[in-house]
Amino acid sequence: MKKDAGPLWLSDETVDQVAQIFKVLADPTRIKILYLLSREESGVNRLADMLGLSQSAVSHQLRVLKSMRLVKNRRSGQSILYSCDDEHVISLLCQAIDHAGHEGSDSFGGPSASPSG
């Protein structure tokens with residue numbers, strides 16, 4: 001499929017950046033975190049409870065996602081809340097989830113694309 005917009009060739013820098021994004025997205029835990037954060041802003045404790053992981057494990061993954069500018073945080077009282085910071089990547093993630101849905105399952109192992117499903 002040929003696209004008319006954009007350059008014919010990608011720079012090495014662009015290729016490296018795209019490869020880094022896909023590398024970060026290749027981790028199932030990060031996919032789950034991004035999916036949950038695409039639905040609502042959340043703190044580490046809530047994410048850890050929803051994912052059945054330790055707070056330390058979730059914090060580590062959030063640091064990786066934040067270093068790639070895929071998530072951002074803000075202070076709310078004594079809590080730090082995280083949310084998605086790149087709608088392009090979330091769009092890509094949602095398209096991948098939709099594509100996986102053609103096979104009848106999602107990243108949470110059920111027939112629907114909801115975290116409780």
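Q: Before we start, what does contact mean here?
A: Contact means that heavy atoms lie within 4.5 Å. Please note also that this is a predicted model.

Q: Good. Which residues is Leu37 in contact with, leaving aside its neighbours within four places in sequence?
A: Leu37 is in contact with Ser42, Leu47, Leu62, Val71, Tyr82, Ser83 and Cys84.

Q: And which residues touch the most other members of the largest nonpolar core?
A: They are Ile33, Leu34, Leu37 and Leu62, in a core of 24 residues.

Q: Let us turn to H4. How many residues has it, and what is its reach?
A: Helix H4 covers residues 55-67, which is 13 residues. From its first C-alpha to its last it reaches 18 Å, close to the 18 Å expected at 1.5 Å a residue.

Q: Which of its residues are buried?
A: In H4, the buried residues are Val58, Gln61, Leu62, Val64 and Leu65. Seen down the axis of H4, these buried residues fall within an arc of 160 degrees, so they line one face of the helix.

Q: Why would residues three or four places apart point the same way?
A: An α-helix has 3.6 residues a turn, so residues at that spacing point the same way.

Q: What about the other side of H4?
A: There, Ser56, Arg63 and Ser67 are exposed.

Q: And what covers the buried residues of H4?
A: The cover includes helix H1 (12-25), helix H2 (28-39) and helix H3 (44-51). It also includes strand E1 (71-76) and strand E2 (79-84).

Q: What follows H4?
A: H4 is followed by Arg69, whose phi is positive, near 60 degrees.

Q: New topic: how many salt bridges does the structure hold?
A: The structure holds 2 salt bridges. In one of them, Glu40 pairs with Arg46, and the closest N and O atoms are 2.7 Å apart. Arg74 and Glu41 form a salt bridge through their side chains, at 2.8 Å from N to O.

Q: Where do Arg74 and Glu41 sit in the chain?
A: Arg74 is in strand E1 and Glu41 is in the loop between H2 and H3. The pair links distant parts of the chain, 33 residues apart.

Q: What is the relative accessibility of Arg74, and of Glu41?
A: Arg74 has 41% relative accessibility and counts as partly exposed. Glu41, at 34%, also counts as partly exposed.

Key. Residues numbered from 1 in each chain as written. Predicted model: local features only at pLDDT ≥ 70, side-chain atom pairs only at ≥ 80, totals over all residues. Heavy atoms only, no water. Helix = DSSP H or I, 4+ residues; strand = E, 2+ residues; numbered from the N terminus. Expected span 1.5 Å × (residues − 1). Buried < 20%, exposed > 50% of the residue type's maximum accessible area, 1.4 Å probe, protein only. Arc of directions from axis to C-beta. Core = buried A, V, L, I, M, F, W, Y, C linked by side-chain atoms within 4.5 Å. Salt bridge = Lys/Arg side-chain N within 4 Å of Asp/Glu carboxyl O.
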